[in-house]
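Please look over the sequence and the structure shown here before reading on.

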Amino acid sequence: MSNSIIPSADSNNYKATYESYEVACPICGKWNIFNRISDIGSINVASGKTVKCLHCNKDFLIVSDKLNLNYEYFLKGCDDLIKQKNYMSCIINLCQSCETFFMKCIDIKLLWKPYRSGVFGGYKENKDFDDFAEKIHDQFDKFTYQKLLNVFFDLYLNNKNFKNKDDISNYLDNLLELSKREPSKKEIKAKSTGTQRNLFLELKELKINEIRNDVVHKDGFRPSLVDAQNYLNKVRRIIEEITKALDLEDMLSYCVYSELMEQK
Ligand SMILES: [Zn+2]
């Protein structure tokens, strides 16, 4: 194949973010910052894609790329924003990382777990899955932080599971109502125990959406380095600990793997 004569970029020294892929050109050695949409033409994993060096204009091949979950990109992005002293943007990014994390957890309950257990038919019959995914995302697109959090609580605090397509459809029909209801501390304490209970309570108290609103307000809160770093550490820890406490690690890697397979 023609690829064999195209020089390859370094597979170890690159930087992958949600929006960009950075690597040195193997021909002229200069560092390239490619935007995934404008320069690579795809938001999918960039491995195997041929790109044109932005400096010497020669073609080269991207060999490896890391596919992360959206909220991991947002969290990683926060480290860069702090280095660049953009503490306000860091808070905005943190709020988005929580929103995408809640959405992923919701997807696991409503889509991926049912998919894995065969609710949508065999592995090759993806149409039902795609239809449901579209339906779900159409509805959730309008939801911001608090509504996503409320649905997250409803699904995980009440340990809901969906055995068939009707169950999922019924749930979606009641979504608007469910999304308006935030569980009280008392309810959280009554319905959960141990580590899970502490994390649910911490998540309820986090209110990073309110901090974000204060930040974007014209005369609002101007976070310091210490503020931004503290919030980043806190959100990162809560997300990591919830992932473990709710046993989501396996399902999360299943999502990344399934999405990866779909792109081949
Ligand atoms: Zn070059």
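## Helix H3 and its partners

In this predicted model, residues Tyr87, Cys90, Ile91, Leu94, Ser97, Cys98 and Phe101 of helix H3 meet Leu225, Asp227, Ala228, Tyr231, Leu232, Val235 and Ile239 of helix H11. By class, the residues of this contact between H3 and H11 are 12 nonpolar, one polar and one charged. Helix H11 covers residues 225–245, and its axis lies 9 Å from that of H3, at an angle of about 10°. H3 is therefore roughly parallel to H11. The crossing of H3 and H11 is left-handed.

H3 itself runs over residues 87–116 and also packs with helix H4, residues 127–140. In this contact, Met103, Ile106, Leu110, Leu111 and Tyr115 of H3 meet Phe129, Phe132, Ala133, Ile136 and Phe140 of H4. The contact of H3 with H4 holds 10 nonpolar residues, with no polar and no charged ones. The axes of H3 and H4 come within 11 Å and cross at roughly 160°. Because the angle is over 145 degrees, H3 and H4 count as roughly antiparallel to each other. Their crossing is right-handed.

Two packed helices are described by the angle between their axes and the distance between the axes. The table sets out these values for the two pairs.

| Helix pair | Angle between axes | Distance between axes | Handedness of crossing |
|---|---|---|---|
| H3 and H11 | about 10° | 9 Å | left-handed |
| H3 and H4 | roughly 160° | within 11 Å | right-handed |

Strand S2 comprises residues 20–24 and pairs with S1 over three bridges in the antiparallel sense. Lysine 15 stands opposite glutamate 22 of S2. S1 and S2 make a hairpin, with three residues between them.

On the other pairing, S2 and S3 are joined in the antiparallel sense over five bridges. Here tyrosine 21 stands opposite phenylalanine 34 of S3. The hairpin of S2 and S3 has six residues between the strands, and glycine 29 in this hairpin takes a positive phi near 85°.

In a regular strand the side chains alternate between the two faces of the sheet.

## Loop residues with positive phi

Asparagine 57 is not a glycine, yet has a positive phi of about 70°. Its place is the loop between strand S4 (50–52) and strand S5 (59–61). Why does asparagine 57 count as exposed? It has 10 C-beta neighbours inside 10 Å, and a residue is exposed if this count is 12 or fewer.

Aspartate 247, also a residue other than glycine, has a positive phi near 60°. This aspartate is in the loop between H11 and helix H12 (249–263). With 8 C-beta neighbours inside 10 Å, aspartate 247 counts as exposed.

## A residue in helix H8

Alanine 190 belongs to helix H8, residues 185–191. Is alanine 190 buried or exposed? Alanine 190 is exposed, as 12 other C-beta atoms lie within 10 Å. From C-alpha to C-alpha, alanine 190 and leucine 157 are 9.9 Å apart in space, and they are 33 residues apart in sequence.

## The chain as a whole

The chain contains 12 helices and five strands. Its C-alpha trace spans about 65 × 50 × 30 Å along the principal axes. The chain has 264 residues, of which 27% count as buried. Among contacts between residues at least 6 apart in sequence, 63% join residues at least 24 apart.

Terms used
Residues are numbered from 1 along each chain as its sequence is written. This is a predicted model: local features need pLDDT of at least 70, side-chain atom pairs count only at pLDDT 80 or more; totals for chains, interfaces and linings use all residues. Two strands pair if DSSP finds at least two bridges between them. Helices (H or I, at least four residues) and strands (E, at least two) are DSSP runs, numbered from the N terminus. Axes are lines fitted to C-alpha atoms, for helices over the stretch in contact, and angles run from 0 to 180 degrees between N-to-C directions. Angles under 35 degrees count as roughly parallel, over 145 as roughly antiparallel, 65 to 115 as roughly perpendicular and the rest as oblique. A crossing is left-handed if the near helix is turned anticlockwise from the far one by less than a right angle, and right-handed if clockwise. Two residues are in contact if their C-beta atoms, placed from the backbone, lie within 7 Å. Ala, Val, Leu, Ile, Met, Phe, Trp, Tyr, Cys and Pro count as nonpolar, Asp, Glu, Lys and Arg as charged, and the others, Gly among them, as polar. A residue is buried if 20 or more other C-beta atoms lie within 10 Å of its own, exposed if 12 or fewer, and partly exposed in between; C-beta atoms are placed from the backbone.
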